[in-house]
Amino acid sequence: MSGIYIHIPFCKQACHYCDFHFSTQLGKKEAMVNVIAKELELRKSEVDDEVETIYFGGGTPSVLTLEEMERLIQAVYENYKVIDRPEITLEANPDDLVSSRAESRDLFLEYKNAGINRLSIGIQSFFDEDLKLMNRAHNAGEAAQCIQVATQYFDNITIDLIYGIPGMDNERWKSNIQKALDFGLPHISSYALTVEPRTALKKFIEKGVVPDVDDEQAQEQFHILVDMLEGEGFVNYEISNFGKPGFFSKNNTAYWLGKKYVGLGPSAHSFDGKHRSWNIRNNPTYIKKINEGELPSEIETLSKTDRYNEYVMTGLRTIWGVDLDRIASEFGANYLKYINQQAAKFLEQGFLFIADGKLLTTKKGKFLADGIASDLFYLR
């Protein structure tokens, strides 16, 4: 089974913390949709099995018109074998979902009729002070309103929440989580605010306009998140993702388990098990190259060490862990010996444990999983 990821590189405005590839110039939106449809055709030979997930990410895919969305879904079906009832996810912002069409309920019906069966709504916070700091396009009222309406039409909904926001104390963070729980959502994704280079947030912190992110408070808020959600029956199946049984993201789970996926659109990444490729991060050049019948991408062949390191990184972030038997069979005895040696101190410190031959993070080790993984990487 394979996945299709479609990157829509447009946003109505730039969030202060975001370093994803996007443009706020929407004039080329129709041209972009046409060339992504063409890229789907150009790359159909890369997928020799069935597609089980289609994911619209970005950027802000909800800036697309219904016709543009349907055009891309149709292009997938025309060029690939798709399973019955694939998971089709649309990332959307609250301000798009509470448009005049949404208020009359038409928008959600249109999404369902187009084949969308999972919504990923970028809430980030239910408090205006947080949303203003991040320069989100919606307000707290729209955040609540869009979920109230969406839950009447979709069972499979996830929202994003951000913790570690400067000025957001633990009580406000608990209120954020509780507001999400009150809607009865089956899935929540939550991320620590990170300060990326070349973002407005980075500049504001350097100038003293905004206080720096407090890593200790972010860690506290992560543990609050885990305790509150697990207490309500959510499974923390990946560090940043919490789902009720039966509602784990099939698209994202495929990434973490090393399944194949094809990424379309500027800056999108693809993986076939042995190679990783990525498209150019430039909208005009991407459009020009695709129209000329050329794929504007670079490709990297992953070495055994690359594949081992990626497996360790993704495995430690999930409930499936790192299978030590797989390390031995796929990578060899030297890699198994190495990971056991490197993991010893983390096992002793209580950050890792072994169960059923799997190396996993403990509750206190979860937040530190990426750093622990880097210590388990095999250095060339």
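## Aromatic rings, charges and cysteines

Tyr-308 and Tyr-335 are both buried (buried means under 20% relative accessible area, exposed over 50%, partly exposed in between, with a 1.4 Å probe and protein chains only). This is a predicted model, where local features need pLDDT of at least 70, side-chain atom pairs count only at pLDDT 80 or more, and totals for chains, interfaces and linings use all residues. Residues are numbered from 1 along each chain as its sequence is written, and side-chain values use heavy atoms, with hydrogens and water left out.

Rings of Phe, Tyr and Trp (its six-membered ring) pair if their centres lie within 6.5 Å; planes under 30 degrees apart count as stacked, over 60 as edge-to-face and the rest as tilted. The count comes to 18 aromatic pairs. Two of them share Tyr-335.

| Pair | Centre to centre | Angle of planes | Class |
|---|---|---|---|
| Tyr-308 and Tyr-335 | 5.1 Å | 55° | tilted |
| Phe-331 and Tyr-335 | 6.0 Å | 45° | tilted |

Phe-331 is buried at 3% relative accessibility. Tyr-335 is buried at 9%. One aromatic cluster holds Tyr-308, Phe-331, Tyr-335, Tyr-338 and Tyr-378.

Charges also meet rings. A charge sits over a ring if NZ of Lys or CZ of Arg is within 6 Å of the ring centre and within 35 degrees of the ring normal. Arg-172 has its charged end over the ring of Phe-127, 5.9 Å from the centre. For Lys-364 over Phe-351, the distance is 4.9 Å.

The model has zero disulfides (pairs of cysteine sulfur atoms within 2.5 Å). The closest cysteine sulfur to that of Cys-11 is in Cys-18, 6.3 Å away, too far for a bond. Cys-11 is buried at 9% relative accessible area.
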